[in-house]
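Subject: Structure handover

Hello,

Here is the structure for you to look through. My notes on salt bridges and cavities follow below it.

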Amino acid sequence: MSLTSDSVHWAIKFVQNHADGDLFPKILEFEAINAIADEFVKLVEGKDLSLFPPGSCRRFIVPKDEIAYRQATQLDPQDSIILTALIYQYGQGIENRRLPKTRVFSYRFQPDANLGLYASQTAWNDFWQSAYQESKKFNTILYCDIADFYNQIYHHTIENQLIASGFPNQTIKWIISLLESTTVGVSRGVPIGPHAIHLIAESTMIPIDNSLFASGINFMRFADDIVIFCNSPSSARRALASIASTLDKQQRLMLQRHKTKFYDTDQFGNLCRSMVEDRPISDEEDQVLKIIKKYSHGNPYAIVYYNAISEEDWRKISGDTISSIIREYIEESEIDYIRLRWFYRRLTQIGHPGAIDISLDNIANLTPCFANICTYLASVQSVEQEQWVQIGEKLLYLLESNEVQGNEYFRLSILSLFTKNQHINHFSNLARQYTSSEPFARREILLSAKQNLAFDWLREYKESYQTMDSWQKTAYIYGFSGFPKDEKMYFLNRLNLSRPFDAVLAKWAKKA
């Protein structure tokens, strides 16, 4: 079977609303594809997937905390749509084979137009709260963490699990070819970042979960975190040996030594409380979160517009209040980045400007929150144009700082802000950097040219189009939508665009 019209339509709407992953700026070209989605659907529905070989992905090193980093991957935009559509269409086959939600909490497949691919947005908290309640019945708890899980997954294991889950052969071949394209042919590892990959990774844990359950081990799991409940230290040690053996025999996986620990009931209770995201650092934060929840109705993805919040509630969320909350986090002896990232995501829902200055002024202490801060800045509402110009000046200063110069991901995140808000301005500064910039930075500068209506500057790079990489080319076509009609038609009609994404993007640009 091939892709259905419904699956592709759903996938296009999904990536437009939720982006293609958790870690990267939203691809602006999705807006164009979504605008004429029927055109894209016609080109891919019912077709042999071998006609759509994977494109070029992008990889960046992303901070997890002050010391740890991970390699994150952003798929080619067309690949993101196709993979999302395939998981939407066939993902239930994986879900049907998994252990109950009371035992395995992570990424339970339940696609929803508003919430996304997975059932619960509170699954992480549910996992730790459930583990805490269960731990009260036992005196020893073993906490295990699989080392470098996503990078250690064998493609052959994925292939076997997709077969067992009822995925058609053509679909399996396309998914494996996509994975191999992201690992340069190495048959191990899946990309970190894309939403749809989570369910594929979960499929590889099905035989491990089943084996632990068949062995009588009482456990709960969230992704690569496994909690085992035991009646004694000796039974916990036996469980550890059994889990280590199962991981090795099933998929040559290993436990992470420094995270795998034994706890008594009280110690584990403290761990659970530290893991729950929704634990305000102060009464002020608690009040802010309650107001956000009131207007978002508990939906962590809902955007609440300025005029929807009463004047009385806005007064309770003053800029000083927001600044003091973030300052309290920063001044902790050990900054809780998990909680702080969660708080930035909540601020993003209401677009409150109160965190702008303190975030930009303390960015050296907030690098693990960098992507969240950039997403937050892009969401800010009710800011005067002059203030945006000042924010732009601070962002340009950050681009030259040591913290940002040494990290491509930070530069991408900052530059992406100039593509979403023309009031940040300063395009002339970016234009001067174009020729000496890396390909990923050139793409963002091309996109910001459209945002700043710098079409005469864009015109100068028509002759360079053929030497651009695929990511720059789609950005250039997107920007070309602002050119005079005759010029658009002449330039775009001469391009040989064989991929559906590119062809539909050009069609949108001609009509724009």
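Glu 202 is buried, with a relative accessible area of 1%. Please bear in mind that this is a predicted model.

Salt bridges

The partner of Glu 202 is Arg 221, and their side chains meet in a salt bridge at 2.8 Å, N to O. This pair links distant parts of the chain, since Glu 202 sits in helix 10 and Arg 221 in strand 6 (residues 219-222), 19 residues apart. Arg 221 is also buried, at a relative accessible area of 0%. In total, the structure holds 23 salt bridges.

A second pair is Asp 357 with Lys 394, where the closest N and O atoms are 3.3 Å apart. Asp 357 counts as partly exposed at 42% relative accessibility, and Lys 394 is partly exposed at 29%.

Arg 443 and Glu 444 form another salt bridge, with 3.8 Å between the closest N and O atoms. Arg 443 is buried at 3% relative accessibility, and Glu 444 is buried at 5%.

Cavities

Arg 443 and Glu 444 turn up again at the largest cavity: together with Pro 25, Lys 26 and Ile 27 they lie nearest its centre, among 13 lining residues. Helix 22 (408-418) and helix 24 (439-451) are the elements that give two or more residues to this lining, and helix 24 has the largest share, with three. The lining divides into five nonpolar, three polar and five charged residues. The volume of the largest cavity is about 70 Å³, and the count of cavities of 30 Å³ or more is four.

The second largest cavity has a volume of about 50 Å³. Its lining includes Phe 14, Val 15, Leu 83, Pro 194 and His 195. Two or more residues each come from helix 1 (5-18) and helix 4 (77-90), with helix 4 giving the largest share, three. By class, this lining has seven nonpolar, three polar and one charged residues.

His 198

Is His 198 buried or exposed? His 198 is buried, because its relative accessible area is 8% and the cut-off for buried is under 20%. This residue lies in helix 10 (residues 197-204). Leaving out residues up to four places away in sequence, His 198 touches Asp 22, Tyr 107, Tyr 118 and Tyr 150.

Regards

Key: Residues numbered from 1 in each chain as written. Predicted model: local features only at pLDDT ≥ 70, side-chain atom pairs only at ≥ 80, totals over all residues. Heavy atoms only, no water. 1 Å grid on protein atoms, 1.4 Å probe; cavity = no way out; pocket = protein on both sides within 12 Å on 5 of 7 lines; lining within 4 Å. Points joined across faces, edges and corners; volume = space filled by probe spheres on them. Helix = DSSP H or I, 4+ residues; strand = E, 2+ residues; numbered from the N terminus. Nonpolar A, V, L, I, M, F, W, Y, C, P; charged D, E, K, R; others polar. Buried < 20%, exposed > 50% of the residue type's maximum accessible area, 1.4 Å probe, protein only. Contact = heavy atoms within 4.5 Å. Salt bridge = Lys/Arg side-chain N within 4 Å of Asp/Glu carboxyl O.
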